[in-house]
Amino acid sequence: MSIGVGLYSLPMEVIFELVSCKLTNRAVPSELFSPSVVFWSVRLPRAIMALLVGAVLALAGTVFQGVFRNPLVSPDILGVSAGAGFGAGLAIILVGRSALAVQSMAFIFGLAAVVAAYQIGRRSRSDSVTVLVLAGVIVTAIFTAGLSFLKYVADPYEQLPAIVFWTMGGFSDIVWKDVYWTLPVFIAGTAVLFFLRWRLDLLSLGDEEALTLGVDVKKMRVLYISASTLIVASSISTCGTIGWVGLVMPHMARLIVGPNHQFLISFASVLGAIFMLIIDTLARTISSGEIPISIMTSVIGAPFLAYLLLRQEESNF
Amino acid sequence: MGGSDFYFYSLFVDIKFTFIKYETISITVHISKEMMKKTISNLPLQVKGVNFSYGKKNVLRNITFSVPHASICGLLGPNGSGKTTLLGCISGIKKLESGSIFLHGKAVQMMTRKEIAREVSVVPQQTGFIFPFKVLDMVLMGKAPVKEIWETPSLADREEALGVLERLGIRELSGRTFQQISGGEKQMVLIARSLLQNTDIMLLDEPTSHLDMKNQILILDLIKKVSYENRITVLMTLHDPNLALHYCDQIILLKNGQIMSQGNTSEVMQSQKLSNVYGIEVELGITSKGTRVVVPSCWR
C-alpha cells in the first residue's frame, strides 16, 4: 500500500501486473512503462530501505537500553547519530561520497561518541539514569559543533548540499545501490545482536550480578555496542540522521511483549520497520512537497521522552 | 600460587614427611595422593592469605579459612568489616591483591567467568533489575553458565525452573513481575535462581536484611533445607548473631578486614569474642525452652 500511494499513484492491480511480469520474465506493456520505472527504481528500494532502517534503529535502541540499563537512552540520545553524522561529513570532505569511506568514518565516530558518553556518565558521581542522557547531550553538542564547522569549510556547491542532507534525514534519494551497500552490514550487525539477545537480560541486571551468572561483561558490552553502532552508522551514512525511533520503539514493544530480550529484540525490529514505513509514506504524501523524516519522528519522539521522564518518578519502567 | 602448585607443594611436604616415617617412598606417594584427593574434594572452598584494598584502604587482611562440604558458614562482623568484599573475592568479581582462593582445589584467579559461575552461585542482597522481568525469566537466568553465548533457555530449562519454584512452594509466582512481589518472595526467587545454577557453593549476602521476623525464619529455614538436601556448601553474611547461632554450623568473625575468630558455632559464639568484635558487651543465655540467645548486656 505504501508503495502504491504518492504523487504518482500506483494502483494495486498495476503493482501485481508489474510483479508478475518480472516473475514470469514477460516484457512490460508499453502503457505500464512509467509505472514500472516508478515502482522498480523509486518506490520499491525506498520502501525496503525504510523498513530496514526502521528495524535496525529500533533494534539498536533496544540493545542500548539493555546494555546501559537505562530506558532513557538510544543511539541518537547517546550521541551516536551526531558522531556518525560528523564522521560521514568528514569522509565527504576528505574522500568524497564513497559509500565505504562514509560508512567506515560514520562507524568510527559513532563508536567514539558512545564510548565518550559512557565514560562521562560512568565517571560522574551521581548514578542517576539521567546523567547518561546528559552525557549524551554533551557529546552530541561537541559533534554537532564539529559538523557545523565542516559545513563552514565545505565546498558550497558540491560538499555542502551533501552534508546538509544528513542533518535532515530521509529516503528520497534511495536507489538500489544504497540497499546493496547497507544490506550486508545490516544483516551482519543484526545477526550478532539476534544471537546474543538473551544475554542482554543478564547484562541489564548490572555488572556484578551478570558476572556472578558467568557473563563476560566487558566482552559482551563491546560486542553489543559495536554491532549496534555499526548498523546505526550504516543507516545514518545512507539515510541521514533519523532521531527518536530508537528510543520510542523499544518502549512500545516492551509494553506489548514485556522486557524479555529473547522476544523483545525481534518484536521491536518489526515494529520499528512498520513505523518507519508509515512515517515515510506520510512524509511524502501529506503535503505536495516532501517533509524531512526527522521532523516527523521528532514530533512523535520528543513528547514521548517527556512522558517517560515524568513517568520515571513513579515507576522503574 | 595456582591450584596445581599448591597440590604439588603439599604432596612434596607429605612425601618428605612420610618418607622419614615409613622409609618406603613408593607406598607413601600412593597414600599421599589419595589423601590429597580426599582433602581437596572435602573442601569446596579454601581461602588462603587473601589481601584486598580499595585504593590505600586495606579492606581484607590475610584472610585464611576453609568451609567443609555441605555446611553452613556464617560471616559475622560489624558494618565495614569486609564481609561483602570477601564474598566478592570468592565469586571472582573482585581481583585479589594477594593470596589465593580455591574452589574444589582450583584457583579462582585461573578460572574463567563461566567456570566460576558453575562452582559458585551468588544470592545478592538485592538485584539490580531495571526492566520488569517475570519471575520465571529471573530464575531462568541461572542457566546462563551452562549455555553458549548464542543459546537461549530451552523448554526443558523452563520445566526445570518451574520445578525449582514448585519445590520452594512459590510456583504460583512464576508469571508475576519480579518488582511486584514481596521482599521475602524476591529473596526466595533469587535462591531459586541460584539452585537452577546448580552449584556446589552458594554465597548469600545478607539474605535476611529488609525482611520481617517471619520471613527471616522462612528464608533461613529454606537455606538450611536446600543446603542439606542438595549438599550445598553455604557461606552467608549475617548481621543478627541470634540467626547465626541457630542456623550456622561454622562461624567466621571479621573485624576491620581481619578474622578475629573462626570455627564451630559453639566455639566462636562466646560473649568475650562477640564483645570484642562488635565493641559492645554481649551475653549468651538460654531461654526457658533451652534455646541459646545472644543479648547485649546493656539490656539488663
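At what angle do helix 2 and helix 11 of chain A pack, and how far apart are their axes? Helix 2 (residues 33–67) and helix 11 (residues 245–257) of chain A pack at about 75°, with axes 7 Å apart. Axes here are lines fitted to C-alpha atoms, for helices over the stretch in contact, and angles run from 0 to 180 degrees between N-to-C directions. Helix 2 of chain A is therefore roughly perpendicular to helix 11 of chain A (65 to 115 degrees counts as such). Helices are DSSP runs (H or I, at least four residues), numbered from the N terminus.

This is a predicted model: local features need pLDDT of at least 70, side-chain atom pairs count only at pLDDT 80 or more, and totals for chains, interfaces and linings use all residues. Residues are numbered from 1 along each chain as its sequence is written, while chains are lettered from A and ligands numbered from 1 in the order in which they are written.

Back to helix 2 of chain A: its residues A:Gly54, A:Leu57 and A:Phe64 are among those that meet helix 11 of chain A, where the partners include A:Met249 and A:Pro250. Contact means C-beta atoms, placed from the backbone, within 7 Å. This contact has eight nonpolar, five polar and no charged residues. Ala, Val, Leu, Ile, Met, Phe, Trp, Tyr, Cys and Pro count as nonpolar, Asp, Glu, Lys and Arg as charged, and the others, Gly among them, as polar.

Between the chains, 23 residues of chain B touch 25 residues of chain A. Helix 4 (residues 113–119) of chain B gives the most to chain B's side, with three residues. That side divides into 14 nonpolar, five polar and four charged residues.

Key: Contact = placed C-beta atoms within 7 Å. Helix = DSSP H or I, 4+ residues; strand = E, 2+ residues; numbered from the N terminus. Parallel < 35°, antiparallel > 145°, perpendicular 65-115°, else oblique.
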